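Here is a quick tour of a structure, taking in a sheet, a pair of helices and a couple of loop residues. Have the 3D view open as you read.

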Amino acid sequence: MQLPNIEEMSSEEKKWFAYSIAGMVVADGRAHQSEMKFLREAINFLDDKDEINKLMAIIKNAKPPEMSPLDIEPKQAFLMLKYLAQLMVADSDLATKEISFFLLTGKLLGFNNEILTKLWKSARSLLEKDLPQGIIETGKIKAKVSLAKVDENGFSFRLGQALMPKAKISLQVCKPNSSDTPAGEDDEYWDDLTCRMLKQHQVKYDEGCYLVKAAFEQKIGENHGIFQIINPEMYAVVSDGGYIETKKNSILGSILRCYICDNPEVSFFELHSKSMIADPNIFGILSYVRPAGKLDFCDFNLIQVASCSECGFSSNNKEHFNRTKSEKPAFSVEKFSKGWEEKIAPLLKKARGAGEAFYSEDRDIKQCILSYDMGVATCEQMTSIATNDQQKGSALRKEASMLMIQAEILMENQDRDAAEANLKKVVDTLEPIFERLKGVDMIHVCVLLFQIKIYLNELQSAAQYMKFMDNYDPDGKLEEGTAEFKELKVSSAKLKATFDDREFLTKEAMNHFHLDEEE
């Protein structure tokens with residue numbers, strides 16, 4: 001995405017452009033994670049610390065700034081506008097408020113309605129091109145449309161005319177390989193799905209165009225293509241792999257490729273949604289108790305870490321492995337590989353000694369604990385190659401998560417000393433980065449550290465985290481309804497409940513990490 005020539009801008013022009021970026025990020029009332037890279041670019045070309053603070057205040061308050069006309073060289077102005085148009089759809093959505101802010105900034109740059117309309121509609125077309133496609137039929141209308149906001153209840157689509165109230169709609173979802181082609185005999189579709197129009201409204205700034213919301217009127221199945229849209233990772237077609245035929249009907253197995261050594265046969269398992277009844281321990285870590293319905297029981301904690309049999313790279317994050325031909329790793333394989341062979345060698349030797357069972361759904365407790373050791377080692381290597389606080393924080397939080405799940409397994413298998421040693425490792429891992437975390441991540445870590453301190457009976461140390469939570473938003477400036485606001489509310493209640501029950505939640509009072517009925 002081409003930025004205007006920042007070096008040729010005056011400080012006032014840089015400020016105006018940075019503010020326009022921040023305004024577009026929050027134009028729809030929220031700041032989506034996918035838009036943060038644009039904000040970081042805006043911060044990078046601001047030199048004044050006060051201006052950066054003002055920019056961050058715009059994001060925190062989620063309210064676009066007041067903008068004034070800007071007299072700037074036409075080519076620069078057009079590149080600014082084009083950049084904002086791409087930012088407008090970066091979160092895979094296009095809200096009316098985003099269009100309004102785009103039109104406002106465009107007029108302040110001196111562009112007319114015709115040019116502005118072409119630009120925002122081009123951005124919408126790019127957005128819709130990446131959405132799943134489908135054929136809808138209702139009455140005499142048959143059209144290929146982009147399917148937006150698809151969930152288990154229904155979907156939305158844009159149409160060039162209004163429908164009758166509660167109109168019956170037939171939907172055929174295009175299979176991925178045919179989504180880019182016009183409707184025709186060569187297209188491939190999933191089975192017909194009966195739907196009904198719930199509501200519609202005319203699209204603002206686009207006369208004669210309507211946004212239609214439809215609901216499914218029959219039970220959806222895998223033959224309709226909806227689950228493939230909602231959970232694409234469960235149905236990904238990998239370059240040299242496919243699906244594993246599992247013994248248990250409660251799990252789905254895939255063959256993935258290792259980014260580090262290019263091994264094309266890494267087994268990765270996933271638990272079907274709502275297939276198990278789980279009991280969270282006092283730290284929120286799930287322990288799988290029994291199956292839901294008639295599905296086979298699976299203690300998913302045993303097999304959720306996938307390990308490469310060739311190089312030992314281990315993770316329970318599917319994105320850390322290669323799933324499709326076009327995917328690229330989110331980390332530097334070259335940097336990760338430096339020193340990795342020596343680091344993982346002792347653990348990999350043990351894994352290979354365990355045989356095929358280690359890499360299968362038949363993994364036992366001892367092998368499971370080893371898989372988490374390998375996962376922790378992988379996280380440590382990720383931390384060592386992190387280039388910024390965000391990457392480092394993410395890797396360390398993933399390491400802490402691995403240690404917490406492993407601690408639950410160790411405790412349930414009568415190795416209390418090792419389990420509690422893991423808790424202390426989590427504290428040692430997270431405390432140094434705590435103050436550099438932000439938002440929801442900081443709140444999560446605060447609660448976890450507090451809970452561990454209470455369990456270890458380190459009350460004085462725990463008090464600092466309770467004080468931090470009490471002072472997190474003293475003036476009530478967090479906007480109601482935001483993820484941070486909701487998390488603060490839930491976590492504050494959780495922290496208070498832990499403090500109130502502290503006499504029952506220490507290691508002296510508990511037999512394991514779960515509150516038994518008699519406790």
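This is a predicted model: local features need pLDDT of at least 70, side-chain atom pairs count only at pLDDT 80 or more; totals for chains, interfaces and linings use all residues.

Let's start with the strands. Six of them form an open sheet in the order S2-S1-S4-S5-S6-S3, and the pairing is antiparallel. The edges belong to S2 (141–146) and S3, each of which pairs on one side only. From one strand to the next, the twist averages 35 degrees.

| Strand pair | Sense | Bridges |
|---|---|---|
| S1 (residues 133–138) and S4 (residues 168–173) | antiparallel | four bridges |
| S5 (residues 193–202) and S6 | antiparallel | seven bridges |
| S3 and S6 (residues 210–216) | antiparallel | six bridges |

Glutamate 137 has serine 170 in S4 as its bridge partner. Over at S6, valine 212 is the bridge partner of glutamine 200.

Is S3, an edge strand, largely enclosed or left open? Five of the six residues of S3 (residues 154–159) are buried, so this strand is largely enclosed by the rest of the structure. In other words, S3 pairs on one side only, yet most of its residues are buried.

**Helices H12 and H13**

Now over to the helices. The axes of H12 and H13 come within 10 Å and cross at roughly 140 degrees. The cut-off for roughly antiparallel is over 145 degrees, so these two helices count as oblique to each other. The crossing of H12 past H13 is left-handed.

Which residues meet there? From H12 come Arg416, Glu420, Leu423, Val426, Val427 and Leu430, and facing them in H13 are Val445, Leu448, Leu449, Ile452, Lys453 and Tyr455. Sorted by type, the residues of this contact are nine nonpolar, three charged and no polar.

Valine 445 deserves a stop of its own. This residue is found in helix H13 and has a relative accessible area of 5%; buried means under 20%, so valine 445 qualifies. Leaving out residues up to four places away in sequence, valine 445 touches Arg397, Leu430, Phe434 and Leu437. Leu430 is also one of the H12 residues in the contact with H13.

Most residues other than glycine have a negative phi. Where are the exceptions picked out here?

Glutamine 414 has a phi near 65 degrees, a positive value in a residue other than glycine. Look for glutamine 414 in the loop between helix H11 (389–412) and helix H12 (416–430). At 71% relative accessibility, this glutamine counts as exposed.

Asparagine 457 also isn't a glycine, and its phi is positive at about 65 degrees. Its place is in the loop between helix H13 (439–455) and helix H14 (459–470). Asparagine 457 counts as partly exposed, with 39% relative accessibility.

Technical notes:
Residues are numbered from 1 along each chain as its sequence is written. Side-chain values use heavy atoms; hydrogens and water are left out. Buried means under 20% relative accessible area, exposed over 50%, partly exposed in between (1.4 Å probe, protein chains only). Two strands pair if DSSP finds at least two bridges between them. Contact means heavy atoms within 4.5 Å. Axes are lines fitted to C-alpha atoms, for helices over the stretch in contact, and angles run from 0 to 180 degrees between N-to-C directions. Angles under 35 degrees count as roughly parallel, over 145 as roughly antiparallel, 65 to 115 as roughly perpendicular and the rest as oblique. A crossing is left-handed if the near helix is turned anticlockwise from the far one by less than a right angle, and right-handed if clockwise. Ala, Val, Leu, Ile, Met, Phe, Trp, Tyr, Cys and Pro count as nonpolar, Asp, Glu, Lys and Arg as charged, and the others, Gly among them, as polar.
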